[in-house]
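Here are a few notes to read alongside the model. Have a look at the structure first, then work through the points in order.

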Amino acid sequence: MKYFDCTRSGPRSAFESNVVFQFETMEYILDFGFDRLGADQAEGKQIDHPVLITECACNPVQSRSKMAELLFESYGVPSVAFGVDAAFSYKYNQQLGVCNKDGLVISSGFSTSHAIPFVNGEPVYEACCRTNVGGYHVTDYLKQLLSLKYPPHMSRLTWEKVEELKMEHCYIAPDYLSEAQLFQKGTKEAEEKTKCWQLPWTPSPTEEPPSEEEIARKAALKEKQGQRLREMAEAKRTSRINELENECKGLEFLLQQLEHVKDSDIPSFLSETGYVSKQEIEAALVKVTQSLRKAKGEQADTEEKTDPTSTEKYSMVDIPDNMLTPEQLKEKRKQVFIKTTSEARQRAKQKRLEEELERERQNKQDEEKRLENPELYREQLRTKHRELSEKVEQRKRLKTNGGHANGNNNGTGGVGRGERLNAAQKERMRLLTTAAFDRGKGEDTFGIKDEDWQLYKLMSKDNDDDDEGPDEDEAELARMSARLKEIDPTFLPKLESLSSSAEVPRLRPLTKEDFQIVLGVERFRCPEILFNPNLVGIDQVGLDEMAGVSMRRLPTRGQSVDERITNSILMTGGSCLFPGMAERLEAGIRMIRPCGTPIRVVRASDPILDAWRGAAAYAAAMQFPQQTFTRMDYYEKGEDWLRGYQMRYAI
């Protein structure tokens with residue numbers, strides 16, 4: 001019930017700017033209040049007690065009549081009286097001697113603020129002033145500012161917590177501009193006025209770097225695993241060599257037996273072995289022999305063995321063209337193509353074999369060097385890796401930006417696209433710009449000759465072979481990186497695709513400061529809307545100007561009346577609890593009053609409960625029954641009689 005009107009969500013509030021307009025919700029509130037008060041509803045569900053209702057100044061007649069109808073019809077109360085809460089608070093503090101008989105009450109409540117002058121102990125409602133700004137707007141403004149300032153902690157900035165922060169830390173600045181400049185400069189005084197709210201925070205566990213013993217243990221474990229893999233690979237290689245040797249011996253034995261077989265018996269003999277001819281067995285033997293040499297790591301013979309059937313396969317290759325018929329020429333071209341393709345395939349295969357053997361030899365040498373002196377080998381490998389990495393990075397920069405400047409440089413040091421093209425790309429660009437026919441000059445004859453169509457092959461992107469060929473440095477750099485990862489657990493390869501200007505964003509661990517809500521300028525910025533409502537888009541006067549407006553609206557004015565009123569200005573309502581409110585209100589009123597006018601601003605003894613205490617004292621007075629509107633009056637005179645109803649505050 002304390003924050004019933006705050007959330008503006010869920011159950012609708014019964015009030016709209018201190019005026020009751022949702023009477024269904026108001027009925028629930030009255031049920032709750034009568035139940036807590038212990039009012040007797042046993043007989044006929046009626047409240048057999050007079051009721052005094054507080055309302056805002058100049059409450060609409062429609063709202064007052066609906067409230068009377070609810071109390072008389074639903075609860076059956078015997079009589080009802082209406083009074084203004086600010087007037088009750090002023091009369092109660094007048095009895096305590098806080099304020100005088102003539103004065104001004106400034107009530108700043110939850111959603112509205114009122115200024116009501118008192119003359120001869122009676123409120124002058126014709127001269128009252130109202131502004132739709134109160135404590136609700138201050139809290140809402142503070143909640144908005146903190147939510148924008150700390151979006152990760154919006155769930156913790158509940159209405160109740162923001163209300164608590166407002167009442168605990170906010171204050172009224174004597175001079176708003178000077179106070180704002182003080183915080184803008186960041187002086188020591190501003191730091192002292194800054195408050196901090198620490199949210200619950202648990203530090204994340206820190207990951208300690210691995211110790212030397214842990215690194216050595218991981219390196220030993222990795223070495224042990226590598227040794228086991230090498231032993232498995234060696235066992236597999238030995239098994240493979242044995243299989244190839246057995247297969248080779250079997251083929252050789254088969255060829256020896258084939259020499260003692262008659263020509264007529266060869267087909268029946270081969271049908272049992274699975275081979276078709278002797279040439280097929282010889283080819284299989286050559287293939288197995290090469291695989292055996294490769295498995296043993298021996299150097300392959302550079303001299304290619306001529307296939308005994310090559311002369312039969314390519315019989316027309318060496319015959320001149322003038323000695324062949326057209327059909328034989330076609331056959332010769334076919335044999336030349338097959339022979340060239342086969343030889344190229346053999347050369348590529350031999351090259352791959354040599355490269356693999358060279359890599360194995362180099363790996364063996366590296367392993368021997370590492371076993372001799374692991375520390376020295378690791379340091380040398382790191383140095384080579386660093387130098388090669390710088391070389392590759394330099395080549396990439398030159399390839400991207402060009403090797404020199406030619407007038408195409410932009411502000412960042414880049415060059416034109418033409419300097420980044422290789423030879424094939426430049427040639428295609430030249431053909432695209434010069435080889436096209438001119439449609440405006442003469443007849444279009446492009447394509448009549450076969451040579452014209454060769455341009456499409458030259459301009460095709462498939463011909464974009466890099467003139468530099470495959471980058472051996474990058475392959476060597478990748479090999480070194482893989483090797484360093486194996487022997488050095490602490491090695492971290494660089495991200496070569498990223499430049500120094502575009503670093504990888506790193507997520508830093510959350511600290512204690514990330515869970516702090518700092519209240520600086522918000523402490524006085526939010527309550528400032530009570531004096532400058534235009535800060536939140538409300539085009540109305542503030543509390544200090546309300547006093548001047550109310551005094552100008554008095555029907556009977558005079559210097560003596562004005563001085564008596566300004567000499568007794570009472571602040572009441574929950575929003576008057578901000579520190580510095582009385583000083584700021586006195587300074588604002590002094591600026592709109594003549595020089596030398598006596599001004600005294602006091603605060604109610606209890607700004608929140610004095611209105612209830614004053615109403616309770618009035619309800620206990622002897623003249624209260626004469627001030628009420630009875631149920632008989634309601635049935636006889638109707639609701640319109642409430643239009644002229646006005647309570648006389650004689651406590």
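1. Let's begin with Y136, which is buried because its relative accessible area is 15%; buried means under 20%, exposed over 50% and partly exposed in between, using a 1.4 Å probe and protein chains only. Keep in mind that this is a predicted model, where local features need pLDDT of at least 70, side-chain atom pairs count only at pLDDT 80 or more, and totals for chains, interfaces and linings use all residues. Residues are numbered from 1 along each chain as its sequence is written, and side-chain values use heavy atoms, with hydrogens and water left out.

2. What does Y136 pair with? Its ring and that of W159 have centres 5.2 Å apart and planes at 25°, so they are stacked. For the cut-offs, rings of Phe, Tyr and Trp (its six-membered ring) pair if their centres lie within 6.5 Å, and planes under 30 degrees apart count as stacked, over 60 as edge-to-face and the rest as tilted. Y136 belongs to helix α4 and W159 to helix α5, 23 residues apart, so to speak distant parts of the chain. W159 counts as buried too, at 9% relative accessibility.

3. Now the two helices themselves (DSSP runs of H or I, at least four residues, numbered from the N terminus). The axes of α4 (residues 135-149) and α5 (residues 159-169) come within 9 Å and cross at roughly 105°; axes are lines fitted to C-alpha atoms over the stretch in contact, and angles run from 0 to 180 degrees between N-to-C directions. That makes α4 and α5 roughly perpendicular to each other, a label for angles of 65 to 115 degrees.

4. Who makes the contact (heavy atoms within 4.5 Å)? On the α4 side the residues include Y136, V138, L142 and L146, and on the α5 side W159, V162 and L165 are among them. The contact residues divide into seven nonpolar, two polar and four charged. Here Ala, Val, Leu, Ile, Met, Phe, Trp, Tyr, Cys and Pro count as nonpolar, Asp, Glu, Lys and Arg as charged, and the others, Gly among them, as polar.

5. E164 is also found in helix α5, and counts as partly exposed at 41% relative accessibility. E164 and T139 are 25 residues apart in sequence and 9.3 Å apart in space, C-alpha to C-alpha.

Technical notes: Parallel < 35°, antiparallel > 145°, perpendicular 65-115°, else oblique. Contact = heavy atoms within 4.5 Å.
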